[in-house]
Amino acid sequence: QLEGYLPITNTSLVREDGKGGVIGFVRQGTETQVLCVSSSNNAERFWLAVHSDIGPIIVGCWYRPLAAREVNSIDSMPLELQELEGQYVAKLLIGDCNSHNKLWLKHSSKNSVEGKQLFRVTQQVGFEQIVRQPTRGKYLLDLVLTDMKGVTSKVLPAIADHCCVLLTVL
């Protein structure tokens with residue numbers, strides 16, 4: 001359990017094999033500002049509405065399993081966003097995307113099918129990827145995708161086999 005943080009109700013997505021998943025946490029005292037509004041039908045991804053000073057922001061949390069050529073979870077992301085997007089002033093998607101694309105993600109091992117598709121989809125929805133350092137060994141797998149200006153990221157020491165990524169929204 002994270003001291004000072006609470007799990008967000010209805011955000012726990014467990015993998016079919018029971019060996020992991022995705023969960024969201026919010027700082028204690030701000031839990032009324034965050035609401036889970038949607039969960040993906042075919043990906044380990046959920047969407048949160050975050051009420052901020054600039055208005056409501058849609059925030060997605062995503063784990064894309066390491067599966068060669070799996071693009072269904074990538075292709076469904078813009079469709080999910082499209083259903084939610086008109087209600088929010090900005091969008092942000094964070095997660096372990098397990099994708100390699102040397103042309104886009106500097107710290108990649110190759111140009112994979114899923115990496116190329118993820119790049120195309122992020123361009124389609126107007127996202128910029130802001131993490132610039134490796135997050136797992138020498139590879140950049142944990143991405144922050146956003147259309148917001150003033151968002152910065154900092155790669156912090158690892159917990160288990162991935163580094164933490166700290167986001168600051170100015």
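A: Lys91 is a buried residue, with a relative accessible area of 7%. The word buried stands for under 20% relative accessible area, exposed for over 50%, and partly exposed for the range in between, with a 1.4 Å probe and protein chains only. The model is a predicted one, in which local features need pLDDT of at least 70 and side-chain atom pairs count only at pLDDT 80 or more, while totals for chains, interfaces and linings use all residues. Residues are numbered from 1 along each chain as its sequence is written, and side-chain values use heavy atoms, with hydrogens and water left out.

Lys91 belongs to strand 8. Strands (E, at least two residues) and helices (H or I, at least four residues) are DSSP runs, numbered from the N terminus. Setting aside residues up to four places away in sequence, Lys91 touches Ile58, Leu81, Glu85, Val125, Phe127, Leu145, Thr146, Asp147 and Met148. Contact here means heavy atoms within 4.5 Å.

Lys91 and Asp147 form a salt bridge, in which the closest N and O atoms are 3.3 Å apart. This pair links distant parts of the chain, since Lys91 lies in strand 8 and Asp147 in the loop between strand 10 and strand 11 (151-159), 56 residues apart. A salt bridge is a side-chain nitrogen of Lys or Arg within 4 Å of a carboxyl oxygen of Asp or Glu. Whereas Lys91 is buried, Asp147 is partly exposed, at 30% relative accessible area.

Met148 is buried, because its relative accessible area is 10%. Apart from neighbours within four places in sequence, Met148 is in contact with Ile54, Ile57, Ala90, Lys91 and Val169. Met148 and Leu170 are 22 residues apart along the chain, and their C-alpha atoms are separated by 9.6 Å.

Helix 1 itself (residues 72-84) has 13 residues and reaches 19 Å from its first C-alpha to its last, close to the 18 Å expected at 1.5 Å a residue. The expected span is 1.5 Å times one less than the number of residues.

Arg45 pairs with Glu80, with the closest N and O atoms 2.7 Å apart. Arg45 lies in strand 6 and Glu80 in helix 1, so the bridge ties together parts that are 35 residues apart in sequence. Arg45 is buried, at 0% relative accessibility, and Glu80 is buried too, with a relative accessible area of 12%.

How many salt bridges does the structure hold? There are 5. Among them is the one in which the side chains of Asp161 and Arg136 meet, 2.9 Å from N to O. Asp161 sits in the loop between strand 11 and strand 12 (162-169) and Arg136 in the loop between strand 9 and strand 10, so this pair ties together parts that are 25 residues apart in sequence. Asp161 is partly exposed at 41% relative accessibility, and Arg136 is partly exposed at 33%.

The loop that holds Arg136, between strand 9 (128-129) and strand 10 (142-146), is also the place of Ile130. Ile130 is buried, at 12% relative accessible area. Leaving aside neighbours within four places in sequence, Ile130 is in contact with Val144, Thr146, Val151, Thr152 and Ser153.

A disulfide is counted when a pair of cysteine sulfur atoms lies within 2.5 Å, and a search of the whole structure finds 0 of them. The sulfur of Cys36 is 8.7 Å from the closest cysteine sulfur, in Cys61, which is too far for a bond. Cys97 is likewise in no disulfide, with the nearest cysteine sulfur, that of Cys61, 11 Å away. Cys36 counts as buried at 17% relative accessibility, and Cys97 is buried at 1%.
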